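Have the model open in your viewer, with a selection tool to hand. This tour goes stop by stop, saying what to select next and what to look for there.

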Amino acid sequence: MRALWPTLVLAALLFAGWEAAVWLFEPGDYVLPAPSTVTSEAWRSKGLLFAALARTSLAATLGFLIAALVGISAGALLSLSSFLRRGLYPLATLLQMVPIIAIAPVLVIWCGYGLPTVVAAAAIVAVFPVLANTLDGIRSTDHRLHELFTVLRATRAQRLLRLELPAARPQIITGLRIAAGLAVIGCVVGEFVGSFVSDPPIGTVIQTAMREGRTALVLAAVATSCCAGFALFAAVSLVGHFMLRRWHESGMRS
Amino acid sequence: MVTAPARGSFIGGIGWRLEEVSIVLGGRRIVEQCSTQAAAGSATVLVGPSGCGKTTLLRALGELIKVQAGHISHRSANGAELARGACHVSFCFQEPRLLPWLSALDNAALPLSLAGVPREDARARAAVELSRTGLADAKELLPRALSGGMQMRVALARALVTTPNLLLLDEPFAALDELRRMQLDEALRALHAELGFTMVFVTHSSAEAAFIGDRVLVMGTNARGIVADLAMSASARNAAHRTREEFAHDLARIERALHSQAEVP
């Protein structure tokens with residue numbers, strides 16, 4: 001908690017400055033509502049925002065889990081074969097270059113409106129950092145430990161499951177942490193094009209509020225999506241901390 | 001019932017023999033036409049300056065690298081050649097090489113668990129080896145909580161857990177301070193006397209060579225191979241041995257051979 005106080009002080013200053021600027025220059029609620037206006041708007045729409053948060057969090061978590069599963073498995077698979085690695089890794093990199101907003105409409109065509117499209121968008125943007133970090137972690141396993149496993153006549157599967165993947169855990173967790181934030185971003189983008197207005201998730205709330213000119217609600221919804229991203233990020237960090245704290249330097253700093 | 005490891009069907013030491021062995025690594029001749037042999041249960045030390053090929057020869061004995069010419073064989077106590085994989089060879093490296101996420105006990109049990117021994121059996125046998133190497137109280141600690149000497153003791157226990165017929169040690173205690181190294185040398189000789197495995201020990205310290213070896217092979221640089229084959233005195237190897245006159249005599253012979261590198265057998 002003590003480590004957080006510079007952040008808190010800075011945030012408080014920022015919001016105070018914002019509030020003062022709105023009070024001084026009166027840009028109008030449509031252009032820039034004051035933090036207090038956003039807060040009261042959020043309070044008034046709390047039912048809507050909570051429901052949206054729940055929907056987006058569910059989709060982001062599902063997308064994140066798929067990305068984690070696919071990313072770790074694909075990373076492990078690519079580490080086993082240099083043919084696959086040379087063939088597939090550039091394609092995976094390409095996948096990361098495709099703007100998610102551009103393929104989201106195609107996802108709607110394939111998966112239809114609703115949860116599947118949103119989950120797919122989240123998984124697509126989140127999978128690459130997991131894959132890349134898993135592969136990197138596996139490939140940087142200490143060669144001296146590899147030699148130990150050679151002396152002990154370990155099978156290829158034993159080498160992967162008992163040496164490479166455990167040794168790659170710090171990098172895998174780094175990849176998962178990046179993926180956690182990206183999953184929420186992918187979700188909101190997916191929701192822009194592929195969600196039902198009747199049960200609006202955060203992305204849809206943002207769009208509707210924008211059309212209605214309710215800038216305060218847009219900002220409140222943006223803050224809500226930040227909460228979803230932060231919660232997922234914190235959960236992954238916590239799991240990583242408990243997985244690594246006993247043996248790896250990165251997990252010992254609290 | 002304790003399940004035997006996949007290989008290593010008998011207990012006790014084996015002999016080994018090098019016949020006209022030549023090894024080239026990365027285009028450089030490391031060992032050329034080297035021949036020697038050792039009996040079952042022997043303790044042989046390879047000593048020599050850096051780059052003389054002692055580690056290479058040790059790795060070849062453990063089938064970690066291939067030889068370009070000649071023949072390396074493992075032999076039963078009566079001299080018959082053993083098939084590849086019929087005996088059990090263990091390796092101790094220059095570093096402990098422990099998996100940082102496993103406890104001392106699980107590290108020591110690793111060779112058994114990779115060979116398919118059930119977890120509880122493997123851990124029970126590893127616990128026995130850890131008490132043998134003096135770590136009965138540190139079983140549940142992770143490597144990072146252990147000192148360098150204790151980590152090396154875990155590595156030694158891991159090498160012993162498969163009841164090796166041949167134990168190959170590559171400067172295992174070189175990174176430790178003098179006192180720790182002497183303690184571990186004594187522990188190793190005691191284990192050798194107790195368990196009867198054959199060992200080959202690589203070091204660049206002539207004092208360690210004189211203490212560990214029944215026989216010391218001094219190697220020369222420029223692929224000259226074994227330049228001196230010295231039998232050490234037969235007295236018991238405990239801490240007191242270092243103060244005996246025979247030890248001083250053995251040490252002087254190794255030093256002379258190292259300096260002149262001319263005392264060809």
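Buried means under 20% relative accessible area, exposed means over 50%, and partly exposed lies in between, with a 1.4 Å probe and protein chains only. Helices (H or I, at least four residues) and strands (E, at least two) are DSSP runs, numbered from the N terminus.

A word on the ground rules. This is a predicted model, in which local features need pLDDT of at least 70, side-chain atom pairs count only at pLDDT 80 or more, and totals for chains, interfaces and linings use all residues. Residues are numbered from 1 along each chain as its sequence is written, chains are lettered from A and ligands numbered from 1 in the order in which they are written, and side-chain values use heavy atoms, leaving out hydrogens and water.

**Stop 1: strand β8 of chain B**

Select residues 215–220 of chain B, which make up strand β8. This strand is mostly covered, with six of its six residues buried. Show the side chains: Arg215(B), Leu217(B) and Met219(B) point one way, while Val216(B), Val218(B) and Gly220(B) point the other way.

Six bridges join β8(B) to β9(B), and the two run antiparallel; for two strands to pair, DSSP must find at least two bridges between them. One place to look is Val216(B), whose bridge partner in β9(B) is Leu230(B). The two strands form a hairpin with four residues between them, and in the turn Asn222(B) has a positive phi of about 55 degrees.

**Stop 2: strand β3 of chain B**

Keep β8(B) on screen and select residues 43–47 of chain B, strand β3. Four bridges connect β3(B) with β8(B), and here the strands run parallel. Leu46(B) stands opposite Leu217(B), and Thr44(B) has Arg215(B) as its bridge partner in β8(B).

Is β3(B) buried or exposed? Five of its five residues are buried, so the strand is largely enclosed by the rest of the structure. Ala43(B), Val45(B) and Val47(B) point one way, and Thr44(B) and Leu46(B) the other.

Val47(B) has Thr203(B) as its bridge partner in β7(B).

**Stop 3: salt bridges within the chains**

Side chains of opposite charge can pair when their charged atoms come close. A salt bridge here is a side-chain nitrogen of Lys or Arg within 4 Å of a carboxyl oxygen of Asp or Glu. Over all chains, the whole structure has 23 of them.

Select Glu208(B) and Arg181(B), which meet in a salt bridge at 3.5 Å, N to O. The pair links distant parts of the chain, 27 residues apart: Glu208(B) is in helix α6 (residues 206–212) and Arg181(B) in helix α5 (residues 178–195). Both Glu208(B) and Arg181(B) are buried.

Glu186(B) is partly exposed because its relative accessible area is 22%.

For another setting, pick Arg119(B) and Glu120(B), in a salt bridge at 3.9 Å, N to O. Arg119(B) counts as exposed at 52% relative accessibility, as does Glu120(B) at 54%.

In chain A, select Glu41(A), Arg44(A), Glu212(A) and Arg214(A) together: salt bridges link them in a network.

**Stop 4: where the chains meet**

Show both chains. Contact (heavy atoms within 4.5 Å) involves 19 residues of chain B and 20 residues of chain A. Together the chains bury about 2000 Å², 62% of it on carbon and sulfur atoms; this buried area is the accessible area (1.4 Å probe) that two parts lose on being put together, summed over both.

How many salt bridges are there between chain B and chain A? The count is three. Finish by selecting Arg153(A) and Glu63(B), whose side chains meet in a salt bridge at 3.5 Å, N to O. On the side of chain B that touches chain A, the largest share, four residues, comes from helix α2 (residues 104–114) of chain B.
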